[in-house]
Amino acid sequence: MRRVIHVLGAFWRLNVAEELQYRANFVASVLGTLFSMATALLTLSLFFHHTTNLGGWDYWEIVVLLGVFNALTGVIEAVLRPGIGQLAGEVRSGELDLVLVKPVDAQGFVSFRRLDLWRLSDVVLGLALAGYALTRLGRIPSVAQLAAFALALAAAAVVVYAIWVVLMSLAFWFVSVENIAVLFDAVYEGARYPVSAYPGALRFLFVYLIPIAWTTTIPASALTGRLRPEIALAAALVAGLAFALARALWRAALKRYSGASG
Amino acid sequence: MPSIVTAERLSKTFQVKVRDPGLRGAVRALFRPRYRDVHAVRDVTFRIEPGEIVAFLGPNGAGKTTTLKMLAGLLYPTSGRVEVARFVPWTGGPPFKRHIALVLGNRQQLVWDLPPEETFLLNRAIYDIPEADYRERLAELVALLELGDVLTKPVRQLSLGERMKCELVASLLHRPPLLFLDEPTLGLDVTAQDAIRRFLIEYRERHGATVLLTSHYMQDVTALASRVLMINRGRLLYDGALEVLVARIARTKRIELVFGGGDGNRVTAEALAAFGEVKTFRFPNAVLEVRREEAPATSARILAAFPVADLSIEDPPIEEVIRLAFARGVEEGE
Amino acid sequence: MITRYAALIRNAWLVDLQYRASIVLWLLWGVTEPAIALGIWWAIAGDGSVAGYARDDFARYFFAVMLINQLTIAWDSWYLDRWIREGDLNYRLARPLHPAHEAVAENIAYKARTASVILVVWLLVAAAWPAVRLPFDPGRWAITAVAVLLAAAMRFFISFTTGLLAFWTTRATAIMELHAGVSLFLAGRIAPLALLPPAVASVAGVLWFRSMLAFPVDLLTGAVHGPDAVLRGLGGQIAWLGVWIVAYRIAWTRGIRKYGAVGG
């Protein structure tokens, strides 16, 4: 375990040195995030131009959720996408073998090998937005609520990670898929709104088939005081389960790959 | 008969932004950019007759590729005149482009995910090649390059050498009178390099095409070109037959040795120095410089005197030939 | 020229065939965005209506958006940006064929594949769900086809021109994304223009955004009717197409000139 951290640390140091060279990228990245946040807020304003609540949530409550969405997106962009994004190409070109011979756990390595440091600013911006929305609501979360939020957010991050591991594993079967990430992005758009906002069929899709909307709804509910504490614990359990399942799928995929490429 | 390529006092100067390091420098560069001139090509004059194979030789950054791009019409000259096949390349447009083929060593026009055949069919349409001509030319090129069944495999599955050969086929289907090749043998293994050189000679023989290639491999020049234009730092240093240049400039040859195992004591730098000038000695490797005419004889003597595992006779590196040429002030056009 | 286009389109079609899995994913993206928007508006509309749009109207609107967006979308700015930065423009410029033709052919091949899928999906959904059905009206459909063609052409020129900015900046794709972000509202991707604050909607109408998507969509769903409105809409499309063609020509001439100065 210490070894893994050591190796990752070496990679990250190299990464950060590279990234510090590209300060313009940082500015561009922050501007990009601000722009997409502004777009999301404008979209929300447009909806609320014609209604007073979505699924029982009022405007600022949904803004809290938007902040959580951005924070999670920041984690994905900073930590997951850079490393996993390369995977499909590496499988195609055979470079993956170079990764697999390294004496570290392949899943951990592929997932976390690259840090897009500047994208962590998304996390900061997202949490800031959520915080601001809470003040507009006049609701300051209690310590218990914050704890529940932290737990729920961590659980959400794990679920998102598990989904990415599943997508990573798919790269072994669908070798021609260049943009697995596009699949995730398309579906993750559904997490911008609370689960209750969707009508029947869509809710079924986002809640039961692809439980993506929960990753933002639950942590946001914790912050706004809508969450029953047991739900947070259930979320943690689901996260653990998702992780275990994802890892099992990854190992199966890896086994098949190693067998096939000889 | 008029020359097919004429370059008169051709020059190309790039303006490169100068940026001070650090954040303040970056901001200053944004508002008040400063520029510095890079003279990639300076005052180059030459003529090429139809049917010649000419090599532009020079180290990296010498200006070879820039010159070639000006001849192909991708860049326009800062000053001077250039005429190719009676067109001014930069303004030649589609009629001019039908007269040339451009092959860049590091980028390819072959469509990556499809078999080369598909790119050939595409070029047939782009260059409006009649069906019969297309079939005939394709067959000839495939035979000359010994491509066989490679044509049906996706380009991404081909080796570098196979890809380069297919690249040549794609470029020659419209049988242009002029061929511009930028580093065509770059990165290829010896067999592939050889095959391509032989092909170019054969092709020129059959169709009288004029071939201009840039290279920093001496072997490209010795095998292919009767005439070499040596370019360094934008200037044309030499224009003429290669043997003349080498004979005049590179009076020496290098003998590269790898000594076998066994009696390591017998081989010392001093012992070796008796045979010629020892350039490098790190057992078991050594490089010896001797006079050109003496190289074969000296090699024989060394083989007799020492346990040699490997021996090769090389020209001095091109950089050194050029350095020598520059140092000895070889004039343009000689 | 026809043979060249046939060859270019065939080439692009074959390449797309290799990437069909990826294309499916992009298609999914093209579907989820309107689907989510529809979901939210559906919930908001409830049993009543919003600015004249009841649930069924929203359903028809967003299915039309799905189809017409797929038919008019252009992404050449990304291609051009890459060609210019990676030196892939050189061999294209040495050929007796303007690189734009390759981009157009690629566009056509892609759309032929994806739009047909969406059309089939719409037909299937319409079989089960009356709300998304359109009245049979070949006249209207013909005029819509013209509007779609105009919109597709204009969006192509917008995209290509923005891509040409790569001759001058490394942020050409960012500009395109900015445009995409703005057109989310002004072109009607997130909501029918009638639902926007009137000032904003009029900006969309005055500029080229309505011509991009909202107008052809409204034509198809019948929200635009009467020869006056139709002619004004088509006129606007033609005018803005002209503007963007001019913009493209300027960018191309200047850009090639710059390329010839500094190379790629």
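Two residues are in contact if their C-beta atoms, placed from the backbone, lie within 7 Å. The model is predicted, with local features needing pLDDT of at least 70 and side-chain atom pairs counting only at pLDDT 80 or more, while totals for chains, interfaces and linings use all residues. Residues are numbered from 1 along each chain as its sequence is written, and chains are lettered from A and ligands numbered from 1 in the order in which they are written.

**View 1. Chain B meets chain C.** Here 24 residues of chain B are in contact with 20 residues of chain C. On the chain B side, the elements giving two or more residues are helix H2 (64-72), helix H3 (93-97), strand E5 (100-104) and helix H4 (116-126). Helices (H or I, at least four residues) and strands (E, at least two) are DSSP runs, numbered from the N terminus. H4(B) gives the most to this side, with five residues. Sorted by class, the side of chain B that touches chain C has 17 nonpolar, one polar and six charged residues. Ala, Val, Leu, Ile, Met, Phe, Trp, Tyr, Cys and Pro count as nonpolar, Asp, Glu, Lys and Arg as charged, and the others, Gly among them, as polar.

**View 2. Chain A meets chain C.** In this view, 29 residues of chain A are in contact with 26 residues of chain C. Helix H2 (23-49) and helix H9 (180-188) of chain A each supply at least two residues to the chain A side, and H2(A) gives the most, with eight residues. By class, that side has 17 nonpolar, nine polar and three charged residues. Of the two pairs of chains in contact, chains A and C share the most contacts. Chain A and chain B do not touch, and their nearest C-alpha atoms are 9 Å apart.

**View 3. Helix H3 of chain A crosses helix H11 of chain A.** The axes of H3(A) (residues 59-85) and H11(A) (residues 214-224) come within 9 Å and cross at roughly 125 degrees. That makes H3(A) oblique to H11(A). Axes are lines fitted to C-alpha atoms, for helices over the stretch in contact, and angles run from 0 to 180 degrees between N-to-C directions. Angles under 35 degrees count as roughly parallel, over 145 as roughly antiparallel, 65 to 115 as roughly perpendicular and the rest as oblique. Look for A:Val64, A:Leu65 and A:Phe69, among the H3(A) residues that meet H11(A), where the partners include A:Pro219 and A:Leu223.

**View 4. Helix H11 of chain A is largely enclosed.** A residue is buried if 20 or more other C-beta atoms lie within 10 Å of its own, exposed if 12 or fewer, and partly exposed in between. Among the buried residues are A:Trp214 and A:Ile218. Just after H11(A), A:Gly225 takes a positive phi of about 85 degrees.

**View 5. A:Ala152 sits in the largest nonpolar core.** A nonpolar core is a set of buried Ala, Val, Leu, Ile, Met, Phe, Trp, Tyr and Cys residues joined through C-beta atoms within 7 Å. Of the 229 residues in the largest one, A:Ala152, B:Phe180, B:Leu212, C:Ile40, C:Trp41 and C:Met154 touch the most other members. Helix H8 (residues 143-173) of chain A gives the most to this core, with 17 residues. Leaving aside neighbours within four places in sequence, A:Ala152 is in contact with A:Ile218, A:Pro219, A:Ala222, A:Ala232 and A:Ala235.
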